[in-house]
Structures are given as C-alpha cells and as structure tokens.
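Subject: Structure handover

Hi,

Here's the structure I said I'd pass on to you. Open it in your viewer and keep it next to this email while you read.

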Number of protein chains: 2
Amino acid sequence: MKILIIGAAGMIGRKLTERLAKDAKLGHEAIEKLILADVIAPTAVRAPGIEIEAHELDIVSEDAVSSLIAARPDLVFHLAAIVSGEAELDFDKGYAINLDGTRYLFDAIRREGQEQPYCPRVVFSSSIAVFGAPFPDKIGDEFFSTPKTSYGTQKAIGELLLSDYSRRGFFDGVGIRLPTICIRPGKPNKAASGFFSNILREPLVGQEAVLPVEENVRHWHASPRSAVGFLLHAATMDTAPLGVRRNLNMPGLSATVGEQIEALRRVAGKKAAALIRKARDPMVADMVDGWARDFDAQRATSLGFVADASFDDIIKAHIEDELGGTLP
Amino acid sequence: MKILIIGAAGMIGRKLTERLAKDAKLGHEAIEKLILADVIAPTAVRAPGIEIEAHELDIVSEDAVSSLIAARPDLVFHLAAIVSGEAELDFDKGYAINLDGTRYLFDAIRREGQEQPYCPRVVFSSSIAVFGAPFPDKIGDEFFSTPKTSYGTQKAIGELLLSDYSRRGFFDGVGIRLPTICIRPGKPNKAASGFFSNILREPLVGQEAVLPVEENVRHWHASPRSAVGFLLHAATMDTAPLGVRRNLNMPGLSATVGEQIEALRRVAGKKAAALIRKARDPMVADMVDGWARDFDAQRATSLGFVADASFDDIIKAHIEDELGGTLP
C-alpha cells in the first residue's frame, strides 16, 4: 500500500514515519511506498524495501496538493497545521493553511475520484481545542464545539468537512482529537502548554524546570507513543460504526500537575522531582484555566482506541523512546 | 442607521424588509437607509423617508460583496443561501455560495475595519440542519453539530466563522438556528418539509393537500412572523452574555402532524381538515425520520427570543398576514 503523510516533519509526523518504516506493514498490508510531505523538508528515514518519496511543499498551493494526490495513495494522514499560538497571531496564515489547505487536500481527493473511482482512508489530526470553556467536569462525546481560538475554529471546520466529504463517499475519513502530548520530546518551546512536558522532561536529565501553575491544575494527556497508536488505529479501524459522526475524542489520561510530579518521584526519585521550581505565571495560569480537564471518551474507547494507563507509563515510555532506556 | 439585507428577495428577506420599512426604526434608532441585495433583483418596497438601494448580485463575487460593505452598514442580515436540496445536488454550488460567499462577506467586513474602526452587528440565519440524528428527545443548547447534509455542514461552518470573527472583534455576530418555517406562504414547493405547510395553507383556501407521513410525526416549527421577530431581536439584543457562544437554537413549537391538523380544525373547521389526503411517501417519511423533533431552547428563551404560543396562533397569523384577515 501507498501512504501519504502531510506534515511529516512535525514531531508526531516523524514518529509516525519511523513507526511505519519499522513495521513495514499496516494491519495485514505491506507498505510499498511512503510519501512524506511538509513545508520543511521531511528528514530521511531508513526503511529497507519501502520506496520513500519526500516533498518540500506548502499545502496552500492547490497544485502541489493535487500532485501528491495524483499518486493515488491508499491512505492519507493529514497532520499539517499552523499551531494555536501562530494561528492566533497571524489570522490570514492560520486560515490559509488550516482551513484552505485542508480544503485543497479534500477537494484534490474528490476530483481525483471523478476521473476513476478513488476513495482513500483519510486520518485527520484534530484537537481538543475545538472545545471552549465553560466545560462540564468530564467532556462527553456529544459536547458541542465552541472554540476560543482561531486554531480551534479551523480544526472544527476541518472536522465538518471531513464528515461531509466522507458522507458523500469522496473518501473514508476519521478525525481524531488528540489530547495534549506529554512528554513532548526536544527543547522547551514557547507553547503555553509546554510546562506539562518541561516539568518531567528536564528533571529526567538533571535539569531544572519551571512550573507556572498550581499543583491542583488538571489536564488531559497522551504520550507521543499513544498518539501514534491512535493514528494507526484510525488508519485501520472499521469505519462503518462511525456513520456521519467521523470525529472522535481520543482517550487520554486526566491528571493534576501534582499527580504528574508524584509519578516523576516514583519513576526517577526525589532528586528529579526537586528540580521543579515553582514560579507562578498569572498569564499562563489564566490560559490553562480555560482548557479541558477531563473527558469521558466512551465512543473512542469502545471503538478500540487505547490510552496510556498511568503517568508512570508515560514517563517510562519517554525514557525508552527518547533516553535510550535508562536515566543518566 | 444603515441596514444591509443579503438574501432580501427570499421569503424571510422580503418579510423582514417589509417590517423594517413599516417600522422605519429599529430599537430606538431611525432607519435612514435599507440596502437590499440578492442574486435575483429584490422587489421594491414602499418606505417613505427611507432611502432604498437594491442590488442584484451574487455573493460568490468577492468584489460585489466588498462594494456592499464599503457603504459601512451598521447592521448586516446575512440570509442568503442555496437551500438544502440544491446544495445536496450541486456540491460545488452549495460550497461556493454557502461557505465561500459567507466567508467573502465576513472578510469584507474585517478588511473594511482595517482601514478605520468598523464593527457592525451581523445577524446570520443558520438552521437546525446543523444537527443530525440520532437525537435526544429534546435537543439541548450544548448538543453537537453533526449535520447529515452539505447544507447543514455549510451552515455549521458559517456559525464557527461567525463566532471566531466576533471573538476577534471584526464584527458583533449572532447566529440563529431557525426552526422549519410554517406556514410558508406561496405555492407548494419541492422541499421535503413542504408538506408541514401545505397541509394547512391549501385547506385554508379550500384546496386539497397531500400528507406523505403518519400523523404521529413530530417536528419543530416557527411562523414567518416569529422568524422575523427572531431576526429583529438578534439585531438589537445585548450580545455581551453570549461570550464566544454566538449561535443559538431559536425557540419554536414542537407539534405532531396530528396536532397541526387539530389546530386547523379548531381555527378553520372540519371541512378544511377534511381536505387533507393521506398518501404515504416512503422516501419523504424516511427523510423526516432523521429530522429534529423537539428542542429545549433555554438559552435563547432566557435571552428574550419568543416563540409562537400554539399552532392555532400560527394559523391565525397566516390568515392575518397572507389572507387579509379572513377565510374565503
């Protein structure tokens, strides 16, 4: 089978690419070709027996997107997006990439099918940013989308298009609303949610991290490994039970910052936990106050999506996947 | 004040225009100018003291929309849409008018405000078609949008854009999800929902009407008079309590077909009710089965929107507004 990953150079895109290259099959089907596309050149990946094609392109170019689809991939992962902060700062860019780019992709698939039958699986990475406070304690599967960011608005629109194009038979879409990814590998970034990862990742390698909120702050998490698992399950699941309701709240782990720190202490010891320095940042604390804390992701769970079992597991997965299996 | 009505030649657009022309004011403000726009030339309206401007234009033309906004109306009613059936048959046309046209309008307002401050009230007519079965018995204010038509998808996207553009301060938007309009004046049309009106309107003037579904079918209704009332209230209400949740389920009247017929019998007599001929149409019955039956429109009601009190009232309003106040 041929697989196209749009947004292949992002953190999740790279991990998904590596996993597919390693498995060399998806479900029961051998992978013949991986087409990697991103606005920055996707990094090469070793995959004996798989043809790899890498494209540096912008999905705001309708022609570029059409040329990717002309290869008629059996499966398309659409992970490309301008992130929340940037979409808020640059209104036009956010709508151009997150809305127009998504529509170009969906329409390129539709047009490809007008020539001769074509109906690939499309897996779309959406976000819990489609929800906006005030929330119930646990957000249910039928809670409405009232985003409080342009990014969340664009993701919610992508979801609606995904459902309609699937209903009309242009492709077979699944939208997955990812929890906040924790522990996000790499350097600390400027995302307001970054501290959820920083307070674990940095102490694990003996470095200090700053906690800008109170320990009772509750949030909704999934490890990068789980996120890749969600994408693979969405790519292979039976979509018949979805009907027109193609977008799913992914299961995750609801934990307070205090519970995260307890897990760090259990896995890496008191010294690691002592590297977290509290320095309340009222701006960050205010933003986090409007974020989803917990979900009841019954539907996705019943459809076979599996979340991390504990924060201890999330930390151990990070040690295995990013630190070579042992603490320094 | 200057008021722009886009979609002024439609049934609701005409009734809104007539009402504004008659009142000559909105809230406490005198109306100086009414700008009427539609893809078919809006009919003239008599309004002494009000300047009337009529434009025959297509909102798929970005320039045409911008030229309307260049007049900087204080209030914009966006009622233009390709209806459900046509948007389902002509995919491109539905998206072009209902999605792109709406976005051109919203962006024209945003760009107008970039030159010098401009933040009009925008009232957007959305639809209960943003919801798709299965439903709860009563659809609440926080039920999610999973439309089963391209029209419903396009309306749901318009709602998301309306909220985001309002949140960013580009305009002050209110989206209202209208119930099915009953009694729709004029000739029977081909809409699958047409029979809800036909079975009252035709017998009231001594003509036969066909009922294609069982009498226990329940649906959600509002009179044209109420719909105009909703638009006027949305145009003048305090929008501060809305927050980012700019789209409201309008209150309505939930009634079975049997209750509609009972009301007809009370208002117009047994002879009128006897003109309804039952001829079950399985295709119509199937479609209607997937439609919303009842709502708990608490939020809109608490914000001052008022529905029809009974089907007797709906029929009496039709007799007053369309039949000169008496039955033939």
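Start with helix 4 of chain B, residues 91–115, which lies across strand 1 (2–6), strand 6 (75–78) and strand 7 of that chain. Against strand 6 of chain B, helix 4 runs at about 170 degrees. One thing to keep in mind throughout: this is a predicted model.

Now for the sheet those strands sit in. Strands of a sheet pair through backbone hydrogen bonds, and they can do so parallel or antiparallel. Which order do the seven strands of the open sheet in chain B follow? Going across, you meet them as 5-4-1-6-7-8-12, and the pairing is parallel. Strand 5 (51–56) and strand 12 (247–249) of chain B are at the edges with a single partner strand each, so each has one side without a neighbour in the sheet. On average, neighbouring strands here are turned by 15 degrees against each other, if you ignore direction.

If you want one bridge to find on screen, pick S125(B), whose partner in strand 8 of chain B is I176(B).

Chain B also has an open sheet of three strands, in the order 9-11-13, and this one has mixed pairing. Its edges are strand 9 (180–181) and strand 13 (253–256) of chain B; each has a single partner strand, so one side of each has no neighbour in the sheet. Strand 9 of chain B pairs with strand 11 (residues 218–222) of chain B in the parallel sense, over two bridges. There, I181(B) has A222(B) in strand 11 of chain B as its bridge partner.

Next, helices packing on helices. Two packed helices are described by the angle between their axes and the distance between those axes. Let's stay in chain B for a moment and take helix 1 (residues 11–23) and helix 7 (residues 224–236). Their axes are 10 Å apart and the packing angle is about 65 degrees, which makes helix 1 of chain B roughly perpendicular to helix 7 of chain B. The crossing is right-handed. Helix 1 of chain B brings M11(B), I12(B), K15(B), L16(B), R19(B) and L20(B) to the contact, while helix 7 of chain B brings P224(B), A227(B), V228(B), L231(B) and L232(B). Sorted by class, that contact has nine nonpolar, no polar and two charged residues.

Is helix 6 of chain A roughly parallel or roughly perpendicular to helix 8 of chain A? Helix 6 and helix 8 (residues 257–268) of chain A pack at about 15 degrees with their axes 11 Å apart, so helix 6 of chain A is roughly parallel to helix 8 of chain A. They pass each other in a right-handed crossing. From helix 6 of chain A the contact uses F195(A), F196(A), I199(A), L200(A), P203(A) and L204(A); from helix 8 of chain A it uses V257(A), Q260(A), I261(A), L264(A) and A268(A). These divide into 10 nonpolar, one polar and no charged residues.

The other partner is helix 12 (residues 311–322) of chain A. Here the angle with helix 6 of chain A is about 50 degrees and the axes are 11 Å apart, so helix 6 of chain A is oblique to helix 12 of chain A. This crossing is right-handed. L200(A), R201(A) and L204(A) of helix 6 of chain A meet F311(A), I315(A), H318(A) and I319(A) of helix 12 of chain A. That contact has five nonpolar, one polar and one charged residues.

- C182(A) and I183(A) are joined by a cis peptide bond, with omega about 10 degrees. I183(A) sits in the loop between strand 9 (180–181) and helix 6 of chain A.
- In chain B, the peptide bond from C182(B) to I183(B) is cis, with omega near 5 degrees. I183(B) is in the loop between strand 9 and helix 6 (194–204) of chain B.
- A24(A) is not a glycine, yet its phi is positive, about 60 degrees. You'll find A24(A) in the loop between helix 1 (11–23) and strand 2 (25–26) of chain A.

Last, the record: an unreviewed UniProt entry annotates residues 3–208 of chain A as "domain: NAD-dependent epimerase/dehydratase". Over that stretch, chain A is 39% helix and 19% strand, and the end C-alpha atoms are 41 Å apart.

Cheers

Technical notes:
Residues are numbered from 1 along each chain as its sequence is written. Chains are lettered from A and ligands numbered from 1 in the order in which they are written. This is a predicted model: local features need pLDDT of at least 70, side-chain atom pairs count only at pLDDT 80 or more; totals for chains, interfaces and linings use all residues. Side-chain values use heavy atoms; hydrogens and water are left out. UniProt positions are given in the numbering used here, feature names are shortened, and annotations may be inferred rather than shown by experiment. Helices (H or I, at least four residues) and strands (E, at least two) are DSSP runs, numbered from the N terminus. Axes are lines fitted to C-alpha atoms, for helices over the stretch in contact, and angles run from 0 to 180 degrees between N-to-C directions. Angles under 35 degrees count as roughly parallel, over 145 as roughly antiparallel, 65 to 115 as roughly perpendicular and the rest as oblique. A crossing is left-handed if the near helix is turned anticlockwise from the far one by less than a right angle, and right-handed if clockwise. Contact means heavy atoms within 4.5 Å. Ala, Val, Leu, Ile, Met, Phe, Trp, Tyr, Cys and Pro count as nonpolar, Asp, Glu, Lys and Arg as charged, and the others, Gly among them, as polar. Two strands pair if DSSP finds at least two bridges between them.
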